[in-house]
Amino acid sequence: MITIEQIDSIAKEFEERLGGVTDASSLEALRVEFLGKKGKVTLFLRELGSIPPAERSEFGKRINDLKSRVEFQIAEYSSKLKPVSGKKSDVDWTLPGIQPAAGRLHPLTQMIQKILEIFTRMGFDVVDGREIETEFYNFTALNIPLDHPSRDAFDTFYTRHGNLLRSQTSTVQIRIMEKHKPPLKIVAPGKVYRPDTVDASHSFMFHQIEGLLVDERTTFSDLKGTLAFFLRELFGANTRVRFRPHFFPFTEPSVEVDMSCFNCHGKGCNVCSRTGWIEVLGAGSVHPNVLTAVGISPKKYQGFAFGLGVERMTMLKYGIHDIRYFYENDVRFLNQF
Ligand code: DAH
């Protein structure tokens, strides 16, 4: 029958023998001698059955402790041993590693972040809106009455319950003015929808960023300065900006904003259809009817608003000729940003 002393002496013997191991093959021999089928530790385990039940668990514990200690030390020693001389390691450390495919932000998201960053630097807050809206927010409150011809330009998809998908982020102007009193200074990015046939420059869904400022002494030159600063930050300090009279129902006066072509600097090229100018924004002073619709006195407050298309900005900045690239999830396109 085995004794505790025998177990201790095998443990001691293993320690001594391990100290003498110098290479992988002598370590393997030692492993077989102690843990192999007929190994010293293995034989102990086999004899466990012949130990009287009262002592069996004490013996079992000691033998199993010894076994795990031997296994652990062999594994540890093995990892410290140098590869056997003459035989090269199987690993070629000079090979290039495997680069994990890292994702990145979509070019439209990057552009939205860039634009919002410029406006937040000017003190604008970023707010969110809804994509499902009512006629009131998309049209009526924005001074577009039911029978007004400009409804056509902003026509959209309707749901069965009389709601609609917003066709412009201008809806956020109303939502924000209903909840918050001036002074207000916000930008609102988001998706808009129009029943347009998809082609290189049209999509039934695209992104806009709306801006709104309402305060007690806001002038048209505040609008001009703000937008000129914005365009110069985005397209370069030499960018020139021009304001052309236009019509929008929710602003009066209204303008379309052009910037000098960043490609030809005004000489005329493909990018600017040979005009030297590129239209980039709609803007104007908030119409008194819009302020009245949300219970803000147009006598006390004035403001300006603007709206821009994110796809259009991104296409201009990077020379992208087809809006559909943005939505196809083709990594060959996306990887370029
Ligand atoms: N909502 C207009 C559109 O979708 C863009 C726009 C023009 C927004 C003038 C404005 C603005 O806030 O003042 O075409």
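**Exercise 1. Find the cis peptide bond that involves P253, and state which element holds P253.**

Solution. Start with the element: P253 belongs to strand β7, residues 251-260. Next take the bond before it in this predicted model. E252 and P253 are joined by a cis peptide bond, with omega about -5°. For background, most peptide bonds are trans.

**Exercise 2. Where is P183 located, and what is the geometry of the peptide bond from P182 to P183?**

Solution. First place the residue: P183 sits in the loop between α7 (171-179) and β4 (184-193). Then read the torsion: omega is near 5° for the bond from P182 to P183, and this bond is cis.

**Exercise 3. Describe how helices α1 and α4 pack, and decide whether they are roughly parallel or roughly antiparallel.**

Solution. Two quantities are needed, since a pair of packed helices is described by the angle between the axes and the distance between them.

Step 1. Helix α1 covers residues 4-19 and helix α4 covers residues 53-80; their axes lie 10 Å apart, at an angle of about 5°.

Step 2. Angles under 35 degrees count as roughly parallel. The two helices are therefore roughly parallel to each other.

Step 3. List the contact residues. On the α1 side they include I4, I7, I10, F14 and L18. On the α4 side F59, I63, L66, V70 and Y77 are among them.

Step 4. Sort the contact by class: 12 residues are nonpolar, 2 are polar and 4 are charged.

**Exercise 4. Which residues come nearest to the ligand, and how much of the ligand does the protein bury?**

Solution. Step 1. There are 16 residues around the ligand, and those that come nearest are Q168, S170, R194, Q208 and E210.

Step 1. Check polar side-chain atoms. R194 has one 2.8 Å from an oxygen atom of the ligand. For Q173, the distance from such an atom to a ligand oxygen atom is 3.1 Å. In S170, a side-chain N or O atom is 3.0 Å from a nitrogen atom of the ligand.

Step 2. Turn to area: the ligand taken alone exposes 360 Å², and the protein buries 92% of that.

Technical notes:
Residues are numbered from 1 along each chain as its sequence is written. This is a predicted model: local features need pLDDT of at least 70, side-chain atom pairs count only at pLDDT 80 or more; totals for chains, interfaces and linings use all residues. Side-chain values use heavy atoms; hydrogens and water are left out. Axes are lines fitted to C-alpha atoms, for helices over the stretch in contact, and angles run from 0 to 180 degrees between N-to-C directions. Helices (H or I, at least four residues) and strands (E, at least two) are DSSP runs, numbered from the N terminus. Angles under 35 degrees count as roughly parallel, over 145 as roughly antiparallel, 65 to 115 as roughly perpendicular and the rest as oblique. Contact means heavy atoms within 4.5 Å. Ala, Val, Leu, Ile, Met, Phe, Trp, Tyr, Cys and Pro count as nonpolar, Asp, Glu, Lys and Arg as charged, and the others, Gly among them, as polar. A residue is near a molecule or strand if one of its heavy atoms lies within 4 Å of it. A polar contact is a pair of N or O atoms within 3.5 Å; within protein, one must be able to donate a hydrogen and the other to accept it, and residues adjacent in sequence count only if both atoms are side-chain atoms. Accessible areas come from the Shrake-Rupley method with a 1.4 Å probe; for residues, only the protein chains shown count as cover.
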